[in-house]
Amino acid sequence: MTHLALPSGTLFAGLAVVGLGAGLVLLVRGLSGYRAAGRISGTSVSRIASLAVGEVLVTGTVEPIELTLISPLLSVPCVYYRARVSETRDDSSRDVLREERAVGFRVRDPSGTVRVFPNGARFDVPDCYDESTSAWNGTPIGLQPRTGPVFAPGPDDRDAQIANLLTVKDSREFSLGGGGNLPLTANASRARYREARIAAGDPVTVVGRVQPFSELDDPTGANLVDGGGLDAGDPEIAADLAAARAAGLLAATPEEAWGNAAIEGFGIGRPVRTPQLDPDADRPPPPDPALAARAAAAFDIAPDALILSSSQEVPMAISLGAPTQVAARAEWQFIVGLAGAALAIGSAMTLAVLVQGGLR
């Protein structure tokens, strides 16, 4: 006679293991939320105009600087995005797209602005887009896939923005960060599209370290959060750079290395300074003082200017919303973590009872 207890016990054991794992994940996230809530509520808000070197919490609205990003799923200009497309087929799931990027930006409060270098930051940004599809309902509502490059001109490049608006885009494909295209008609039983972002004008709360710009080790690297690029800590790269410096092969300034190409706007025929040209070359239009002023504001940073960045002693946290909203979100995450702890304890007790019963 067939015994029916074994399949039932196996099923309950499997559910207990799944519950234990899920509960532990929720608990870890809850503890992270508890620490984040304590850090936000335990730090007073600093006025940007009176910042001093050290750990601070600032809150204000986002202002783009040199560049913006274009989000993959909704094609919205922003300074940060996190996007994920996952598909489920035959009871297995995989990520078709998973990207997280950020560029440097300014935070403005009523007293002034401070520049934020986001590399190394932990982002707390809830999803603003979460849609799913199945084999029957096709493309999700509101999807506007990115068809061009990841990066876009800064907010002052009005001509480029007008040209982008007038460009006809093919909605059947969108560009991945690595340059490939992803068809939207994947043969999956279910697909889920999620996107989170921080755009111009959004309120943010930033905790980080204030320091003079001259003390920033790698301004270019600190200004980007990007999954690609060379590893600055690679020993071979470091050795090559050291050898080039020792041999005097590295130019001291961009002007020495690139000549006219180092002048902002030179490549598009709108230089902000008079270039050095061959006497027979066609002369570009005279520099525009307003354009030069905008370029200086975006690219020229005084060595003693105070900026906000991450450090080993003070890790940066960038959160969407005002401090009260961020703290409330973190506290709710902690409550969910407590529920996860209860789930993990209950699952562990159930698993123990099943194991003891099987050993008798």
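## Residue S309

In this predicted model, the side chains of S309 and Q211 form a polar contact at 3.0 Å. S309 belongs to strand β16, which covers residues 306-309.

S309 counts as buried because its relative accessibility is 3%, and the cut-off for buried is under 20%. Leaving aside residues up to four places away in sequence, S309 touches F117, G208, R209, Q211, L216, V314 and M316.

## A five-stranded sheet

Elsewhere in the description is an open sheet of five strands, ordered β9-β13-β4-β5-β15, with antiparallel pairing. Strands β9 (129-134) and β15 (224-225) stand at the edges; each has a single partner strand, so one side of each lacks a neighbour in the sheet.

Strands of a sheet pair through backbone hydrogen bonds, in either a parallel or an antiparallel way.

## Strand β4 and its two partners

Strand β4 (residues 80-89) runs antiparallel to strand β5 (residues 92-103), and ten bridges join them. Among the facing residues, Y81 stands opposite R101 in β5, and R89 stands opposite S92 in β5. The hairpin of β4 and β5 has two residues between the strands, and in this hairpin D90 takes a positive phi near 55 degrees.

Strand β4 is also joined by nine bridges to strand β13 (residues 190-198), again in an antiparallel arrangement. On this side, T88 has R190 in β13 as its bridge partner. In the order of the sheet, β4 therefore stands between β13 and β5.

Methods: Residues numbered from 1 in each chain as written. Predicted model: local features only at pLDDT ≥ 70, side-chain atom pairs only at ≥ 80, totals over all residues. Heavy atoms only, no water. Pairing = 2+ DSSP bridges. Helix = DSSP H or I, 4+ residues; strand = E, 2+ residues; numbered from the N terminus. Buried < 20%, exposed > 50% of the residue type's maximum accessible area, 1.4 Å probe, protein only. Polar contact = N/O pair within 3.5 Å; in protein donor to acceptor, adjacent residues only side chain to side chain. Contact = heavy atoms within 4.5 Å.
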